[in-house]
Amino acid sequence: MEEREKPESKIAFTVTGMTCATCARTVEKAVSKIDGVKFAAVNLATSTGFVVAERPVSLDEIKKAVESVGYGVSTETPEEVEARRYIQSKRDLTMAWVVTAPLAVLMLYHMFFNKIPGFEMMELIAGGFTIFYAGRRTIKGAWIALTHKHTNMDTLIFFGALASWFTTVLSLLGLPIASFGAIGAMIVAFHLTGRFIESHLRDRAAKEIKALLKLQAKEARVIVDGEEVLMPTEAVKEGFVVAVKPGEWIPVDGEIIEGTSSIDESMITGEPIPVRKTEGDEVVGGSMNLNAFLKIRVTRVGENTFLSQMIKLIQEAQGAKVPIQALADRITTWFVPTIILLASISAFIWYFNFERFQPFLERIQHIIPWVMSGGDPLSMAVFVFVATIVIACPCALGLATPMALVTGTGLAARKGLIIRNAEAIQTSREVRVVLMDKTGTITEGQSKVVFHNLNENEHHVVASIEAHSNHPLAKAIAKSMDDPVELSNLQVEEIAGEGVKASVDGDTYFIGKPENPELYEEILEEGKTVVEVRKNGEKMGYMVIEDPIREDSKEAVERLKRLGIRPVMVTGDNEKTARAVGTRVGIKEIFAGVKPSEKLDIVRRYQAEGVKVVMVGDGMNDAAALKGADVGIAIGSGTDLAIDSADIVITKGGISRIVDAVEISKLIFKVIKQNLFWAFFYNTVAIPAAMMGLLHPVIAEIAMAFSSITVVLNSSKISRKEGK
């Protein structure tokens, strides 16, 4: 017998001070070293971290580990941190360009027209202001990295800008060296521009989380001693009774104890048609009460609410990683120190071989006008050093995977899919077999009366009798009548395996198994259940009950087949019912009467054929198979155990979301590969060009910023993907 796994502790947190992939990697390593931590992921795109531990890990422990490498942990939400950072970046950007724009114009005039007296002093003052004040956060980021014995993108910007500005200092001291102080200011200004645009685009990419957060009501109308008291939802506790008026958002998860109303759950479930809810029915916070006053007893609060769980799952998914990201992580770890070394070697070679290479520069200048052919060895060495440092900033590389994940998981959330395990994104695109449970997956999971031939009065009586039984079929019959009546002198007796016998005003009713099932053979062949109604021994009519097939099941099966994926039904139900449902939706491969342990065996049987397998289910009996499959997909209305065992959770819609999951995973992975290709290609081409003296530092900075923005824009096209 296998040992039960110890419950895992999960905690998400907001990281401050990160500016590039190396920062995120450094924080991740520090958090991973905390005792008991099994897995840690830090996402640059969302400024969030996520930890899975074998024991409860406190936020203080995480904060201590993060601060030990120079970064911070905030109790604010990522949205609040991003909003504050956005304002700061806008302010710094404005200050930088107010000074740098006129300085750049004067530099061009000074270079190509007339020399401006005292221009180098202008470079010293204006450049110093831009680099050391407007760019102070960049310097801070570089200093944090250096004092903790690692490097990041800020390190490269700082070295490049400082080296440029320092040439002005040397020139003013009388050394024969070209002054690049204005270029240092422009490097910082372009860097801040890229940061600002990047922040703006990231903010837009995370809008799905914000949309969910807006659904969380700020206040609730709590009934205390018969009076309504308005209080923050954070103060509401389980067991409280809240009042919700027509047109108001329902602030909590709970059970209706008074009133009947139509509830708009479209923001939660995606279903546009309002649902009628009455006493005893559950409601979800974030849905809207449309037309009647309700009293609701609170059943879940805070982090336990459905909406909070969905938000948490999305944030976890956006903070996770796909296996392909490991390649980018390994590269960025060594990238910055390698570039500093290459820039230094290039500067050294140019300094000692300037005269030998100068004829080449003079020839190439006719093609590339910004190439520096004149001057002296030291000026050229600084020129090459700065250009190589700036062009190589690995921002695009660091954003390639996280940005695609953020936008991809956002698209998935809009379609009713929560991707809990990012590895599923890489695996789903290779799936060839989908195993589906029947009840609650292909079907709705709730029995309903789909036909009856009783008159209205008889229907009322039968529904009212069945309201006194707890049998699932009896509940379906009771719900088939909106307003069951209270019957006088009612006596009900349940006959195990047969049905219900009742006495009403001297009449005897039997509701249960048919006397002659052969009369209903055609209906039974379709997998439906027939309940016969007899009054005083005479047949009054019958009711047909079934677990309705989800509207999208048949279409979803067809879409799976078109993608080359084999749909297979795996159910504990009987063979006849399973075959009937399979025929109606188009599934030929069917395993019926299957035990929970056998479901896992079936998963392994297909995996033994060398194919990737998806398992879809909603019950406890599916949990093992969900865990054992290459990708486990749980129906969100299912049990907590099934959801916890799944890689992907369907929060709205049916099995058509399986197709969406496969298509979205293919799209995300395609964009990740495109991002990584362009990031690598850009650096592969640009770095040698800079080392050869063919790139001006300003052009290098523009190209670096453009590459990062391109990655973000390429990722954002995922969110514009239209689907069914």
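Colleague: Which residues does phenylalanine 158 touch, not counting residues up to four places away in sequence?

Modeller: Phenylalanine 158 touches Ile139 and Ala142, where contact means heavy atoms within 4.5 Å. Before you go on: this is a predicted model, where local features need pLDDT of at least 70, side-chain atom pairs count only at pLDDT 80 or more, and totals for chains, interfaces and linings use all residues. Residues are numbered from 1 along each chain as its sequence is written, and side-chain values use heavy atoms, with hydrogens and water left out.

Colleague: Where is phenylalanine 158 placed, and is phenylalanine 158 buried or exposed?

Modeller: Phenylalanine 158 is in helix α6, residues 153–172. Helices (H or I, at least four residues) and strands (E, at least two) are DSSP runs, numbered from the N terminus. Phenylalanine 158 counts as buried because its relative accessibility is 17%; buried means under 20% relative accessible area, exposed over 50%, and partly exposed in between, with a 1.4 Å probe and protein chains only.

Colleague: What separates the C-alpha atoms of phenylalanine 158 and isoleucine 139?

Modeller: Those C-alpha atoms are separated by 6.0 Å, with the two residues 19 apart along the chain.

Colleague: OK, cores. How many residues are in the largest nonpolar core?

Modeller: The largest one has 47 residues, and Met380 and Ile391 have the most contacts inside it. A nonpolar core here is a set of buried Ala, Val, Leu, Ile, Met, Phe, Trp, Tyr and Cys residues joined through side-chain atoms within 4.5 Å. Helices that each supply at least two residues of this core include α3 (78–112), α6, α11 (325–364) and α12. The largest share, 11 residues, comes from α12. There's also a second, separate core of 43 residues, which includes Ile442, Met569, Val581 and Ala661.

Colleague: How many residues of α12 are buried?

Modeller: 13 of its 15 residues are buried, so α12 is mostly covered.

Colleague: And what span should α12 have?

Modeller: Helix α12 (residues 377–391) should span 21 Å, and its end C-alpha atoms are 21 Å apart, which agrees. The expected span is 1.5 Å times one less than the number of residues.

Colleague: Switching to rings. How many aromatic pairs does the count come to?

Modeller: The count comes to 8 aromatic pairs. Rings of Phe, Tyr and Trp (its six-membered ring) pair if their centres lie within 6.5 Å; planes under 30 degrees apart count as stacked, over 60 as edge-to-face and the rest as tilted. Tyrosine 351 and phenylalanine 352 are edge-to-face because their planes are at 90 degrees, with ring centres 5.0 Å apart. Along with Phe348, those two form one aromatic cluster.

Colleague: How do tyrosine 351 and phenylalanine 352 count for exposure?

Modeller: Tyrosine 351 counts as partly exposed at 40% relative accessibility, while phenylalanine 352 counts as exposed at 54%.

Colleague: Last topic: which residue takes a positive phi in the hairpin of β20 and β21?

Modeller: Asparagine 536 does, with phi near 55 degrees and 2 residues between the strands. Asparagine 536 isn't a glycine, and at 45% relative accessibility it counts as partly exposed.

Colleague: In what sense do β20 and β21 pair?

Modeller: Antiparallel, over 7 bridges; strands pair if DSSP finds at least two bridges between them. Valine 531, for instance, has methionine 543 in β21 as its bridge partner. Strand β19 (residues 507–512) also pairs with β20 in the antiparallel sense, over 4 bridges.
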